[in-house]
Amino acid sequence: MEAWPLRAAFLMLLVSAAATAAAGEGGRESTAVSGALFLAGSIPRGVEAMVVSTERMLPHWYRVAWATLRKAAVVPAMKVAVSLCLVLSVMLLVEVVFMSFVSLAVKLFRLTPEKRYKWETISADLETGSSDYPMVLVQIPMYNEKEVYKLSIGATCGLSWPSERMIIQVLDDSTDPEIKDLVELECKIWASKGMNITYEVRDNRKGYKAGALKEGMQHSYVEQCDYVVIFDADFQPESDFLMRAIPFLVHNPKLALVQARWEFVNPYECLMTRIQRMTLDYHFKVEQEAGSSTYAFFGFNGTGGVWRISAIKDAGGWNDRTTVEDMDLAVRASLQGWKFVYVGDLKVKSELPSSFSAYRHQQHRWTCGAANLLRKSVFEIWMTKDVSLWKKLYLLYSFLFVRKVVAHIVTFTLYCAVIPASVFIPEISIPAWAVVYIPTTITFLNAIRNFSSIHVIPFWILFENVMAMHRVKATIVGLCEGDSANEWVVTEKLGGTIREKLLPDATLIEKASPKFSHRFYFAELGFAVFLFLCASYDLTYGEDYYFIYIYLQSIAFFIVGLGYVGTFISSF
């Protein structure tokens, strides 16, 4: 309790500073500061009174039972949890520092893909005409994409590539007859303009996206194609996409994949899309760049990339055993000796999910699928011949285990569970390097690659910790082959319709859904209460300042739990 006056003063300083900033000009400032000081002094006293009175209400037998249980089971279990989290934190830190160092070196020394691989412009010859251009298949898989189907089809038909050397294949798995008719009509319109475009449907959705891509490759006209490009329904490539990507594959026979970077049409739609942009920018600028530059391997992003068709066949084709068929194919192709290249300045526009429900489903699919792939491929990777031990360790340890499993587990377990729970157990001490230095280092390495969004970093930290709860659940489901391990929910895409439906003077706002069932997320609310209790206890009895972070994290869980994240169109 010796630190209580200092902690109360700290709260008073924070609240009074905020009040001063918000007070504005004139005499309102002194009034606001006085009120803030009174409030800041009342908060710790109120919390202390609440915690102390609650503790005194507990019967004597409960205190004795808790003391016995804590000494016999809770303390040993917490010590094991802390030790495990410390080890995982160091593993994650080493991986992040390595990837950041490589990506920064690539940027500093300008080690562009054109310097590492042969690249020459493809141009038509006067005698041979367009025959010098290889045949390219463009696949556009879609499922009830009413809002965006025109965007991807139109952008693909606008690619600067001889129409007679390109086949566009729209793979429509839509279940809505009206949408299917619209997509088919769009294909016919472009076909009437001279585009070589085909509309393909199937009578089932077996294998989901992987099944559609696999069946699309089985058509006889695909045999004349050398390369295949994949664009999801919301992706809009620039007209020179093929002219910049295909030469890498033409002049480097060992290359199997050219991956472009995603760019976003709605990064400023709401705070959640800003945070997603930061996360995905880090993924491309650091993770993909580091993998491409060091091991010529990274996970295919499922869209915005060009594959050598012979490499797909060599790897065994598309497989629907997980919900990350793109990553699965990349791992199997790498085991066959194929190399990948990431081209950071080759960008494709796409849409970020702006509703929390859509984003949560997307993250479940990505996280669960990666963990499930680790479970199903670990033996296959380890037993593959003609692959170096170093590459096997990289695939299993760095790529699949640390990045796809450890990162989620340590984020939630340490920062949302172990640290808050430790305030109730004075026998547990967590070193400062784990609580402060490691997360600060990781955050700094992210910030320097997203400098324009540095003001969003605090919100990014808090929101990513909330999402870590869902990712941990998805990771466990994937590793244990749970019931929802192969659950596939297509990410909702809105295209430009969300703005078109708004009145001219309306703005997009972050607000809860009016439907009760969609408004509240009870797991987040329950965890918010837990964190609030931890912070209040630490504020009353603790000798550290964990309560500052825990209160902020509790607020983040409350906001998400109440549905005040993402966007929706308000009714007028």
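**Salt bridges, a helix and a patch**

Guide: In this predicted model, D345 has a relative accessibility of 45% and counts as partly exposed.

Visitor: Which residue forms a salt bridge with D345?

Guide: The closest N and O atoms of the pair are 3.0 Å apart, and a salt bridge needs a nitrogen within 4 Å of a carboxyl oxygen.

Visitor: How many residues apart in sequence are the parts tied together by R244 and D345?

Guide: R244 lies in helix α8 (residues 241-251) and D345 in strand β8 (residues 339-350), so the pair ties together parts whose separation in sequence is 101 residues.

Visitor: Are D281 and R261 buried or exposed?

Guide: The side chains of D281 and R261 meet in a salt bridge, at 3.7 Å from N to O. D281 lies in helix α9 and R261 in strand β6 (residues 255-264), so this pair ties together parts that are 20 residues apart in sequence. The cut-off for the class in question is under 20% relative accessible area. Both D281 and R261 are buried.

Visitor: In which strand does K347 lie?

Guide: The side chains of K347 and E263 meet in a salt bridge, at 4.0 Å from N to O. This pair links distant parts of the chain, 84 residues apart, with E263 in strand β6 and K347 in strand β8. E263 has a relative accessible area of 32% and is partly exposed. At 32% relative accessibility K347 is also partly exposed, and its strand is β8.

Visitor: At which residue does α9 bend?

Guide: Helix α9 runs over residues 271-294 and has 24 residues. From its first C-alpha to its last, α9 reaches 34 Å, close to the 34 Å expected at 1.5 Å a residue. There is still a bend in α9 of about 30 degrees, and the residue where it occurs is H283.

Visitor: How many residues of α9 are buried?

Guide: α9 is mostly covered. D281, which lies in α9, is buried. Of the 24 residues in α9, the number buried is 17.

Visitor: Which helix supplies the largest share of the nonpolar patch?

Guide: The patch on the surface is formed by V378, F379, W382, M383, L389, W390 and L393, with about 790 Å² of accessible area together. Helices α12 (356-383) and α13 (389-421) each supply at least two of its residues. W382 lies in α12 and, at 42% relative accessibility, counts as partly exposed. The largest share, 4 residues, comes from α12.

Visitor: What percentage of the residues in the chain is buried?

Guide: The chain has 572 residues, with 19 helices and 8 strands. Its accessible surface comes to about 26600 Å², and carbon and sulfur atoms hold 62% of that area. The buried residues make up 52%.

Methods: Residues are numbered from 1 along each chain as its sequence is written. This is a predicted model: local features need pLDDT of at least 70, side-chain atom pairs count only at pLDDT 80 or more; totals for chains, interfaces and linings use all residues. Side-chain values use heavy atoms; hydrogens and water are left out. The expected span of a helix is 1.5 Å times one less than its number of residues. The bend at a residue is the angle between axes fitted to the seven residues ending there and the seven starting there. Buried means under 20% relative accessible area, exposed over 50%, partly exposed in between (1.4 Å probe, protein chains only). Accessible areas come from the Shrake-Rupley method with a 1.4 Å probe; for residues, only the protein chains shown count as cover. Patches are made of residues with over 30% relative accessible area and no salt bridge: like charges are joined within 9 Å, nonpolar side chains (Val, Leu, Ile, Met, Phe, Trp, Tyr) within 5 Å.
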